[in-house]
Amino acid sequence: MGAKRQRVIDQGPSFYGASPGPSLMYSPHPYGYVSQPPPFPVVHLRGLPFDCSEADIFDLFHGLDIVDILSVRKGGKFTGESFCVLGYPMQVDFARQNNRQNMGRRYVEVFRSKRQEYYKAIANEVSDAWGGSPRRSGLRARSYDE
């Protein structure tokens, strides 16, 4: 009986297109988002005490990278809602772990939010600071044919 010959199998092109190998070890796209950008890392807080400060929100999200905090106001008064922009999309899940945590005598609800909701809250804040938009106050530009 002679020595066994090693069988060589031609793998050819893979069913999935690219051959398995080093390309699986390195993903050029961060967070695995290939066709779209990563989600905007913002959470919506509801049920905050009316005397809540930004320092209280920093304590609630201790250890997370907070980029911005927007406290929602209507008529100059705090509504008990805030938006908190975090440093990374993955931190939204960690922030959500604080859902229904107590702050003072109230519990705070933490929701995943969208970029449009955050920008809309900023626009409302700016329009309240400027006294409302021209469309709301009834003023309009005159046209040339009037």
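Colleague: Leaving aside its neighbours within four places in sequence, which residues is glutamine 91 in contact with?

Modeller: In this predicted model, glutamine 91 lies in helix H3. Once the neighbours within four places in sequence are left aside, the residues in contact with glutamine 91 are Leu64, Asp65 and Leu86.

Colleague: Does glutamine 91 count as buried or exposed, and why?

Modeller: Buried means a relative accessible area under 20%. Because its relative accessibility is 9%, glutamine 91 counts as buried.

Colleague: Which element gives the largest share of the largest nonpolar core?

Modeller: This core has 18 residues, of which Val43, Leu48, Phe61 and Leu86 touch the most other members. Several elements, including strand E1 (42-46), helix H2 (54-60) and strand E5 (106-112), each supply at least two residues of the core. The largest share is three residues, and the element that supplies them is E3.

Colleague: Which residues of helix H4 are buried?

Modeller: Helix H4 (residues 115-129) has 15 residues and reaches 21 Å from its first C-alpha to its last, close to the 21 Å expected. Another core, of seven residues, lies apart from the largest one and has Tyr118 and Ala121 among its members. The buried residues in H4 are Tyr118, Ala121 and Ser127.

Terms used
Residues numbered from 1 in each chain as written. Predicted model: local features only at pLDDT ≥ 70, side-chain atom pairs only at ≥ 80, totals over all residues. Heavy atoms only, no water. Helix = DSSP H or I, 4+ residues; strand = E, 2+ residues; numbered from the N terminus. Expected span 1.5 Å × (residues − 1). Buried < 20%, exposed > 50% of the residue type's maximum accessible area, 1.4 Å probe, protein only. Contact = heavy atoms within 4.5 Å. Core = buried A, V, L, I, M, F, W, Y, C linked by side-chain atoms within 4.5 Å.
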